[in-house]
Amino acid sequence: MRIENTAAIVTGGASGLGAATAAALAEQGARVFVLDLAAGIENAAAIEGVTYLATDITDGAAVEEAVVTASSSGVPLRTVVNCAGIGPSMRILGKKGVHDLGLYAKVVQVNLIGTFNVLALASEAIAQTEADEHGQRGVIVNTASVAAYEGQIGQAAYASSKGGIVGLTLPAARDLAQYGIRVCTIAPGIVETPMLATISEEFRASLAAGVPFPQRLGRPDEYAQLALAIIEHDYLNGETIRMDGALRMAPR
């Protein structure tokens, strides 16, 4: 699918995977609309072709307003990349007691329900655009994690939310096929994002040593490269692609 002269929505695009993807889409000629929290946008880099919209992805009305803005940009809305997410950890039963239900619900609310909210509302707008010569109207790329398959100790909430995204992929692709909208998911391994910036170099090196090959952490630009490849590859649909250097996470 063509990227140039189309509109794209990227959630969580103020930093990390989303920021790299927003920049890559803009470089390819897309008008990119980043949906992120106001606090994140304050520190986001100014990029030509990228417009920041302070949006809570769990808020239906706020997302609907952002989708209207993106779909009214003068070019068809074709692309959505869902990168927004949170990853707090807590054991189901630990020294401090039972896993906090509110925390579990929040992780699922942001990671899974937020992703679904954007997917559903954006697909409605994409479905109203004119199809290209191949009957295509758009593509939605969601972000899961290898934790969906090998959740570690303390990742019950995170793994549940990301496993939900993997499970959402195929039925979403089937639901939206009649509108010419594809749906795929990327499941990254350990990627150098702001969440990893606070850990020591020694611990980062130990994480990299666990990756079979290349024996290093992933990079946000590699996620962006894969997202663009999915967008441009018209026969990729309903699939979750691991981007992890053949990593299989240990229990801890």
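**Accessibility and charge pairing**

Q: Why is Arg-216 called partly exposed?
A: Arg-216 has 31% relative accessibility. Buried means under 20% relative accessible area, exposed over 50%, and partly exposed in between (1.4 Å probe, protein chains only), so Arg-216 counts as partly exposed. This is a predicted model, in which local features need pLDDT of at least 70 and side-chain atom pairs count only at pLDDT 80 or more, while totals for chains, interfaces and linings use all residues. Residues are numbered from 1 along each chain as its sequence is written, and side-chain values use heavy atoms, leaving out hydrogens and water.

Q: What makes Glu-222 buried?
A: The relative accessibility of Glu-222 is 18%, and therefore Glu-222 counts as buried.

Q: Why is the pairing of Arg-216 with Glu-222 called a salt bridge?
A: The term requires a side-chain nitrogen of Lys or Arg within 4 Å of a carboxyl oxygen of Asp or Glu. The closest N and O atoms of Arg-216 and Glu-222 are 2.6 Å apart, so the pair meets the rule. Glu-222 also forms a salt bridge with Arg-219, with closest N and O atoms 3.5 Å apart.
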